[in-house]
Amino acid sequence: MAKILIHIVAHKTATSSIQWTLRENKAYFEGTHNISIITTTQFLDLDIKKHFQKLASRQGFSDKLEFSKSIKAAKNSIEPLLHPNKYNVISYEGFMGHSNLAEYEGLYNPTIGNSLREIFADHNLKVILTIRRQDEFINSCYLQQVKESKKLSFEDFTARIPATNISWTRITNELEISLGENNLLVLTMEFVSHVGILEFIAQMLEFFNNSKIKIDQNLKTFYRNNSISKLGVDIYDLMRQHLDKKNRAIIAQILYTHFSSRKFGKHNFFTEFSKNAIIQNCIQSNAEIFTKNFNKLSRDSFLDSCEHVKKHYGIV
C-alpha cells in the first residue's frame, strides 16, 4: 500500500511553475525527504491519462461497464510507477480535463473524485486542489485558448459559461464526498504569489505526511507559461476570422513569443463592473471553501497570508 498525494491543479494556477520546480529538484526531494515525484511526462500514453481525458470529453463513458474497464486499465497503468516505501507525489492538470471552459459550460466537469477513489482504492490517498479567483481564472483560460489558436471570441467563450456554474464548490463537494474531507486540501493560486513556490510545495508536503518539513531555500525555482498580452490579443482578434486553423496556430505562436504578458503586461477582458459582479456572485461559496480548508494549514507563512487571500476574494 503506497502513500499518494495527488495535486489536482486547475489550469492557469501556477501549474507549470510548481511542476518544473518539483521535476528539476526531483533528486533532492527523493534523497532528502523520501518523496518520489511522478512527472507529467511519465503520464504520456498511460491509460490513466486516457481515462481522465475520456471522463472530461463531451461523450464521456457510454455505460458502467465501459467506465469499469477504463478504471481497471488506469489502475494497472499507474501501479508500476508507485513506490510502496516512499511518499508518491503526482501533480497533473489533466485530471481536470482541459481549459476550454466553454465546452464544459462551467468550471470543469465535477466528477473526478469517484474515479480517483476507484483507481487508488488500494492506497492511502490525499488530494490537494489548487483554485483561483473566478474572474481571473476565466480570463486566463480564455488567453490560453488564444495561445492554442482557438477561434472563439471572449464574448462567445463567456456566453457559454452560466454564472451558476462558476463555483469551485461544485468540484470540492464532490471530492469531499468521494475521498473524505480530511483527505482534501484546497489551496489558492494567490498563496503561490504571496509565499513563493518552495513554501507552497512545503505546505503541500506537510499536509501529505502530517509532519513539519524544511526545504532548502537555495533550490532553483521556475516560473513558466506566460500568457499573451493585450496587444497580442488585439492583433489576434483582427486576424482570427480570416485564417484557417493551421495559420491561426502559426500566428498564435508568433504572438505568444513576441507579444507575451511578460513583455507587454497582462490583459483583463472583464470590466470592473463584471469583475465585481463575479466576485460577489462567488463570495459565499469561496468563503465556505476557505472556512473548511484554512484550518488545515500548518505553515506560518500560509497562516499569515490567509487574510490577504480572503481580501483578494472580497471576503472581509
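## A buried threonine

Thr 172 counts as buried, at 2% relative accessibility. Buried means under 20% relative accessible area, exposed over 50%, and partly exposed in between, with a 1.4 Å probe and protein chains only. This is a predicted model: local features need pLDDT of at least 70, side-chain atom pairs count only at pLDDT 80 or more, and totals for chains, interfaces and linings use all residues. Residues are numbered from 1 along each chain as its sequence is written, and side-chain values use heavy atoms, leaving out hydrogens and water.

Thr 172 sits in helix H9, residues 169-179. Helices (H or I, at least four residues) and strands (E, at least two) are DSSP runs, numbered from the N terminus. Leaving aside residues up to four places away in sequence, Thr 172 touches Leu 129, Leu 184, Val 186 and Ile 289. Contact here means heavy atoms within 4.5 Å.

## Strand E3 and its partners

Strand E3 spans residues 87-92 and is mostly covered, with five of its six residues buried. Two strands pair if DSSP finds at least two bridges between them. E3 pairs with strand E1 (residues 3-9) in the parallel sense over six bridges. E3 also pairs with strand E2 (residues 35-38), again parallel, over four bridges.

Asn 88 of E3 is the bridge partner of Ile 4. Ser 36 stands opposite Asn 88 too.

A disulfide is a pair of cysteine sulfur atoms within 2.5 Å. By this rule there are zero disulfides. Cys 282 is in none; its nearest cysteine sulfur, that of Cys 141, is 14 Å away. Cys 282 is buried, at 1% relative accessibility.

The sulfur of Cys 306 is too far for a bond, because the closest cysteine sulfur, in Cys 282, is 20 Å away. Cys 306 is buried at 8% relative accessibility.
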